[in-house]
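Q: I'm new to reading protein models, and I'd like to go through one with you. Can we take it feature by feature?

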Amino acid sequence: MLLLTMRDGQEVFSLLDVWPASFDHLPETLDSATRRAIVHRLDYGGLPTSAQWANLNT
């Protein structure tokens, strides 16, 4: 799951299909508190999906 912030400031979630090997060389840039906050918003934030956001803003 991805947490995305749209141009209007709305946070949405999206799913990303990527081969796991694609992430082998990406360094971790977030501290553990920030990662936990993002996971909490994704799990319990009641965020719309990116598709739902697009339908509301067309």
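Predicted model: local features only at pLDDT ≥ 70, side-chain atom pairs only at ≥ 80, totals over all residues.

Q: Let's start with contacts. Which residues is Ser14 in contact with, leaving aside its neighbours within four places in sequence?
A: Contact here means heavy atoms within 4.5 Å. By that test, Ser14 is in contact with Met1, Leu2, Leu4 and Ser50, once its neighbours within four places in sequence are left aside. Residues are numbered from 1 along each chain as its sequence is written, and side-chain values use heavy atoms, with hydrogens and water left out.

Q: Where is Ser14 found, and does it count as buried or exposed?
A: Ser14 is found in strand S2. Helices (H or I, at least four residues) and strands (E, at least two) are DSSP runs, numbered from the N terminus. Ser14 has 17% relative accessibility, so it counts as buried.

Q: Met1 was on that contact list. What does Met1 touch, not counting residues up to four places away in sequence?
A: Met1 touches Phe13, Ser14, Leu15 and Leu42. Met1 has its place in the segment before S1, and it is exposed because its relative accessible area is 52%.

Q: How do I read a pocket, and which residues line the largest pocket?
A: Picture a 1 Å grid over the protein atoms alone: a pocket is an open set of points where a 1.4 Å probe fits, with protein on both sides within 12 Å along at least five of seven lines, and lining residues have an atom within 4 Å of a point. In this model, the largest pocket is lined by Met1, Leu2, Leu3, Glu28, Leu30, Arg35, Ile38, Val39 and Leu42. Its volume is about 220 Å³, where volume is the space filled by probe spheres set on the points, and grid points are joined across faces, edges and corners.

Q: Which element gives the largest share of that lining?
A: H1 does, with four residues. Strand S1 (2-5) and H1 each supply at least two residues of the lining.

Q: How many salt bridges does the structure hold?
A: First the idea. Side chains of opposite charge can pair when their charged atoms come close. The cut-off used is a side-chain nitrogen of Lys or Arg within 4 Å of a carboxyl oxygen of Asp or Glu. The structure holds two salt bridges. In one of them, the side chains of Glu11 and Arg41 meet (3.0 Å, N to O). That pair links distant parts of the chain, with Glu11 in strand S2 and Arg41 in helix H1, 30 residues apart.

Q: Why do Glu11 and Arg41 count as partly exposed?
A: Glu11 does because its relative accessibility is 21%, and Arg41 because its relative accessible area is 31%. Leaving aside neighbours within four places in sequence, Arg41 is in contact with Leu3, Glu11 and Leu47.

Q: What about the salt bridge between Arg35 and Glu28: what is its N to O distance?
A: It's 3.8 Å. Arg35 is partly exposed at 33% relative accessibility, whereas Glu28 is exposed, with a relative accessible area of 54%. Both residues are also among those lining the largest pocket.

Q: Last one: which residues make the nonpolar surface patch?
A: Leu2, Leu4, Leu16 and Val18 make it, and it covers about 280 Å². Patches are made of residues with over 30% relative accessible area and no salt bridge: like charges are joined within 9 Å, nonpolar side chains (Val, Leu, Ile, Met, Phe, Trp, Tyr) within 5 Å. The areas come from the Shrake-Rupley method with a 1.4 Å probe, and for residues, only the protein chains shown count as cover. Val18 lies in the loop between strand S2 (11-14) and helix H1 (32-44), and it's partly exposed at 34% relative accessibility. Leu16 lies in the loop between S2 and H1, and counts as partly exposed at 47%.

Conventions. Buried < 20%, exposed > 50% of the residue type's maximum accessible area, 1.4 Å probe, protein only.
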